[in-house]
Amino acid sequence: MSAEQQKRKIVIIGGGIIGSTTAYFLSHHEKFDRERDRITLLEATKIAGGASGKAGGLLALWAYPNCIVPLSYRLHKELADKHGGAERWGYRAVYCGSIDARGRASPSTPAKSNGDSVSLQKRSEKALGLLRAAGVPKDLDWVSTDSLVSYDYMGDPTTTAQVHPYHFTTSIAALAEEKGVNVVYGSATQICKSDDGVVCAVEYKEKKSGEQKKLDADTVILTAGPWTREVWPQAPISALRAHSVTIKPTRDVSAYALFTNIELARVGGKRGRTVTPEIYARPNQEIYACGEGDTLIPLPTSSDLVQVDESRCQDIVDQVGSISDELRDGEITARQACYLPNVSRGSGPLIGETSVKGLLMGAGHTCWGIQNGPGTGKCLSELVWEGRVTSAKLGSLEPRKYGC
Ligand SMILES: Cc1cc2nc3c(=O)[nH]c(=O)nc-3n(C[C@H](O)[C@H](O)[C@H](O)COP(=O)(O)OP(=O)(O)OC[C@H]3O[C@@H](n4cnc5c(N)ncnc54)[C@H](O)[C@@H]3O)c2cc1C
């Protein structure tokens, strides 16, 4: 029997976007035989319960690192075309820009009752002319003319797109399941090695029963995002908490993703500080906005124990409301937090083989894990089924180079 015909037992640890896309591409590879092989996606809490369900979802050809971005950007388009991603997970091309804006006072007070702020959305011909001269696109009409100072182009629908990360990740995991992937809920506690140092099993605590169980494996793929170190301590992955909100604006808004510099209104004669929330318009009348990260609360043991600081969410609501009536008067539909998987050595992500035979890794995707998820899954599936990555050159991201 050739090596290719041998039964494979593959365990993926972590059902975020990286684990789910890996499960998808492993199960859609021509060498996978669902009668013969076993692929298990082991998820501690729920699919997309961490950053993969709470991220912005921006995709960009100008993201980093270069060695995987074009592949992953293309795969997003192909997946959307193949599986109805526009309807299923909100895939669409968008414009993207960076804006400088001045925040207006008392953002949580409606314009009509706020002395200085009355008629903020009144677009005089003169004001509009000045904005056009400053390069502000005509259809970016949901940021107040009174606030907007300048617009710098970052991308357009040929280079920039978006998905709804939660819907994308859960749909991709479901598509993998349809192809024969077994989703198991439990928390990996140990990766076991045989006497000759080769991966042979994963021990885990089953979610429902709390019982300690074991999955035999010839290949283990570690995709536990910011929790990667809990399972494999030498991985140079750290965690950074970030808050975000979603808002139903008062009307449909044009498809822009905005990186902002907002100078908040003066308080007590003091110049307001500058804040930089990112604001992404989504289909179905939804706007996503996220703020800066914080290191106040260390990573909890699981995604369902992440603490949400309501005041940080309110700061984001106030900041984005200070430059847009549509957002200020909209309905807040989610206040949430999650942990970004950062890489403490190099810029990451880490994708490929570790120094332990049979142990692969796809982790540390920082702020571009949604963009780079499909490319990571595709490359890891090639490594498993073909023994080498053929779709991209990922030498610089090899986990072994980072002590894993
Ligand atoms: C505020 C914010 C906005 C962002 N916006 C964007 C964006 O616009 N575009 C973009 O490309 N990226 C964005 N990102 C980055 C992106 O969200 C992450 O890079 C990506 O989600 C990481 O995916 P992951 O699968 O590695 O990790 P996670 O999503 O954290 O998934 C890890 C999974 O592993 C599970 N797990 C952990 N430990 C175990 C264990 N022991 N056993 C079994 N399972 C385990 C967890 O429960 C979790 O489900 C953003 C991130 C943040 C924080």
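Which residues does Gln319 touch, leaving aside those up to four places away in sequence? I shall open with that residue, and then turn to the domains and the ligand. Please bear in mind that what we are viewing is a predicted model.

Gln319 is part of helix H8, which covers residues 310-321. Not counting residues up to four places away in sequence, Gln319 touches Ile262, Leu264, Arg273, Val275 and Pro277. Its relative accessibility is 10%. Buried means under 20% relative accessible area, and Gln319 therefore counts as buried.

Let me move to the domains. The domain assignment divides the chain into domain 1, comprising 3-90 + 162-234 + 345-402, and domain 2, comprising 94-159 + 239-343. Taken over C-alpha atoms, the centres of domain 1 and domain 2 are separated by 32 Å. To the contact, domain 1 contributes 30 residues and domain 2 contributes 31 residues.

I now come to the ligand. How many residues surround the ligand? There are 40, and the closest are Glu43, Ser52, Thr366, Cys367 and Gln371. Domain 1 and domain 2 each provide at least three residues of this shell. Sorted by class, the shell holds 23 nonpolar, 15 polar and two charged residues.

Several secondary-structure elements each supply at least two residues of the shell. Among them are the helices H1 (17-27), H2 (51-54) and H10 (369-386). Strands S2 (38-43), S8 (182-193), S16 (286-294) and S17 (331-343) also belong to that list.

Ser52 has an N or O atom in its side chain that lies 2.5 Å from an oxygen atom of the ligand. For Ile370, a backbone N or O atom is 3.0 Å from an oxygen atom of the ligand. For Ala44, a polar backbone atom is 3.1 Å from a nitrogen atom of the ligand. As for surface area, the ligand taken alone exposes 1000 Å², and the protein buries 96% of that.

Finally, I return to helix H1, one of the elements that supply at least two residues of the shell. Is H1 largely enclosed or largely open to the outside? Eleven of the eleven residues of H1 are buried, so this helix is largely enclosed by the rest of the structure. The buried residues of H1 include Ile17, Ile18, Tyr24, Phe25 and Leu26, and also Ser20, Thr21, Thr22 and Ser27. Gly19 and Ala23 complete the list.

Methods:
Residues are numbered from 1 along each chain as its sequence is written. This is a predicted model: local features need pLDDT of at least 70, side-chain atom pairs count only at pLDDT 80 or more; totals for chains, interfaces and linings use all residues. Side-chain values use heavy atoms; hydrogens and water are left out. A residue is near a molecule or strand if one of its heavy atoms lies within 4 Å of it. A polar contact is a pair of N or O atoms within 3.5 Å; within protein, one must be able to donate a hydrogen and the other to accept it, and residues adjacent in sequence count only if both atoms are side-chain atoms. Accessible areas come from the Shrake-Rupley method with a 1.4 Å probe; for residues, only the protein chains shown count as cover. Helices (H or I, at least four residues) and strands (E, at least two) are DSSP runs, numbered from the N terminus. Ala, Val, Leu, Ile, Met, Phe, Trp, Tyr, Cys and Pro count as nonpolar, Asp, Glu, Lys and Arg as charged, and the others, Gly among them, as polar. Domain bounds come from an automatic or database domain assignment. Buried means under 20% relative accessible area, exposed over 50%, partly exposed in between (1.4 Å probe, protein chains only). Contact means heavy atoms within 4.5 Å.
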